[in-house]
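Hi,

Here is the structure I promised to pass on to you. Have it open while you read, and my notes follow below.

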Amino acid sequence: MSIEKTDVVVVGAGQAGVAMSEHLGRAAIPHLVLERGRIAERWRSARWDSLVANGPAWHDRFPNMQFSGDPDAFVPKEDIADYFVAYARKIGAPIRCGVDVTRVTRKVGGSGFRVDTSHGTIETEYVVAATGAFQVPVIPPLVPETAGIAQMHSASYRNPGELPDGAVLVVGAGSSGVQIADELVRAGRRVYLSVGAHDRPPRSDRGRDFVWWLGVLNKWDAEATPGVEHTTIAVSGAYGGNTIDFRRLAARGITLVGRTEGFENGVMRFADDLAVNIERGDANYLLVLDEADAFVARNGIALPEEPEAREFLPMPACVTDPIRDLDLARAGIASIIWATGYGADYGWLKLDALDDKGRPRHQRGVSSEPGVYFLGLPWQTRRGSSFIWGVWYDAKYIADHIAKQRSYLAYAPSPSREIANV
Ligand SMILES: Cc1cc2nc3c(=O)[nH]c(=O)nc-3n(C[C@H](O)[C@H](O)[C@H](O)COP(=O)(O)OP(=O)(O)OC[C@H]3O[C@@H](n4cnc5c(N)ncnc54)[C@H](O)[C@@H]3O)c2cc1C
């Protein structure tokens, strides 16, 4: 039986895979996109029910297609998935759904790769791993399953009604953790929120959303600098979009605690870092306001000041007199939601493209293994890389790289030069 062949196999049809297909298609490079689920599967099945985009519709999209509806609205997750389905249709992306890539190896006795899938084998010259920055939910191994508390990652949380009755501890105060804690307290739950280091830009200033400010201040295009890459950002588009303000969350009944440090005999231990984390988040918030002010002054733009944006509620008692040890049973905590981020799983990539921790070895997505590319990684080329609007530009860079490599390989000296060399 003959083996199917193509020039590029793209693994994954989330936004990264769709963007990759658009740029490969424009460059007329034959390719296939293989997706184990549906297009944009993770927007459908790995996010909670009420999730909306963190940025407004005019911003969190690809350049060549707008969302229908209010451009300033925050698009619900199912509509985001529908957008990518429609986008894939618009560009005629050759996507095969329900195909799991199980193994990629170098082809023996020839150039390129052998891609084994749940539906047969494909041979290809290039492979793009577009499997995302948020692949495998990570839960720190602190609380044993025998502790009698329901535990889940934020990727498995769906809505307050699915949790057992009782109080909830949410660990992690990035965008996922704060949004879930907020939803739970609004649903009448008693909530504890464990807050680590974070940035919390103002939702808007002088009538412009923070995504606009980070754009004009050139922060989405900031390149990775050591120590900056992994800063957690707490933002939310929920309920029309509001600044994440931990003082207000506390005023609404959420008990803030420091970074979760350990667990013993039913007691959770929190670090003595809550006030510092809140103050650093405030400093980040004020920095964005200061930079916005400086931008307005420099450019003479007429955007009205918002002096009230600098007014803070007093520090809540849970911050000034923080809980360090919490007996979970006594506090009535029946569930823990770990909003503690994601890891990578490239178990299918049997090539020299990963470091000893299994992370991609690459420069701007171009792997150390010739012919292999990564897409959608956090800070792949810039801050925006793992987000909807950023991945499109990284995909273009990779398509250009593949086109360039192909043109070198296609080079043949003109016959006259070959004769001259004889
Ligand atoms: C809770 C949450 C909220 C977010 N909100 C926003 C937001 O508002 N705005 C924004 O810009 N970004 C947001 N992001 C970040 C980012 O946009 C999303 O994570 C997005 O899903 C990443 O797209 P991707 O294509 O890189 O990866 P994914 O969407 O994860 O797609 C990867 C695809 O690869 C498939 N796959 C994996 N392995 C294989 C295999 N071996 N074979 C075949 N297929 C495979 C998966 O099924 C999946 O469909 C959010 C992230 C999270 C976690």
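**What I found**

Ser194 stands opposite Val257 in β13. Before going further, a word on the ground rules. This is a predicted model, so to speak: local features need pLDDT of at least 70, side-chain atom pairs count only at pLDDT 80 or more, and totals for chains, interfaces and linings use all residues. Residues are numbered from 1 along each chain as its sequence is written, and side-chain values use heavy atoms, with hydrogens and water left out.

**The parallel sheet**

Helices (H or I, at least four residues) and strands (E, at least two) are DSSP runs, numbered from the N terminus. Two strands pair if DSSP finds at least two bridges between them. In general, strands of a sheet pair through backbone hydrogen bonds, either parallel or antiparallel.

Zooming out, β10 and β13 belong to an open sheet of 5 strands, in the order β8-β17-β9-β10-β13 and with parallel pairing. At the edges are β8 (150-153) and β13 (255-257), each pairing on one side only. From one strand to the next, the twist averages 20°. Helix α4 (residues 175-186) packs on this sheet and touches β9 (167-171), β10 and β17 (333-338). By contact I mean heavy atoms within 4.5 Å. The direction of α4 makes about 170° with that of β10. For such angles, axes are lines fitted to C-alpha atoms (for helices, over the stretch in contact), and the angles run from 0 to 180 degrees between N-to-C directions.

**Around β6**

How many of the 10 residues of strand β6 are buried? In β6 (residues 120-129), 7 of the 10 are, so the strand is largely enclosed by the rest of the structure. Buried means under 20% relative accessible area, with exposed over 50% and partly exposed in between (1.4 Å probe, protein chains only).

Here are the partners of β6 that I noted:

- Strand β1 (residues 4-11) runs parallel to β6 with 7 bridges, and Val10 stands opposite Val128.
- Strand β5 (residues 113-117) runs antiparallel to β6 with 5 bridges. Val115 faces Ile122 there, and β5 and β6 form a hairpin with 2 residues between them.
- Strand β21 (residues 372-374) pairs with β6 in the parallel sense over 3 bridges, and Phe374 is the bridge partner of Ala129.

On β5 there is also strand β4 (residues 101-106), joined to β5 by 5 bridges and running antiparallel. In that pairing Val104 stands opposite Val115. The hairpin of β4 and β5 has 6 residues between the strands, and in it Gly109 takes a positive phi near 75°.

**Helix α7**

For the 26 residues of α7 (residues 274-299) that gives 38 Å, and the end C-alpha atoms are 38 Å apart, which agrees. Its buried residues include Leu274, Ile278, Tyr285 and Phe295. Among the elements that cover the buried residues of α7 are α5 (210-216), α6 (246-251) and β13. Just after α7, Gly300 takes a positive phi of about 60°.

**Phe62**

Is Phe62 buried or exposed? At 0% relative accessibility, Phe62 counts as buried. You'll find Phe62 in the loop between α2 (41-45) and α3 (77-91). Phe62 and Trp389 are 327 residues apart in sequence, but 5.5 Å apart in space, C-alpha to C-alpha. Leaving aside neighbours within four places in sequence, Phe62 is in contact with residues including Gln15, Tyr83, Ile388 and Trp392.

**A pocket**

The second largest pocket has a volume of about 460 Å³. On a 1 Å grid over the protein atoms alone, a pocket is an open set of points where a 1.4 Å probe fits, with protein on both sides within 12 Å along at least five of seven lines; lining residues have an atom within 4 Å of a point. Grid points are joined across faces, edges and corners, and a volume is the space filled by probe spheres set on the points. This pocket is lined by 24 residues, and Asn242, Thr243, Ile244, Asp245 and Arg248 lie nearest its centre. The helix that gives the most to the lining is α4, with 4 residues.

Cheers

Note on methods
Expected span 1.5 Å × (residues − 1).
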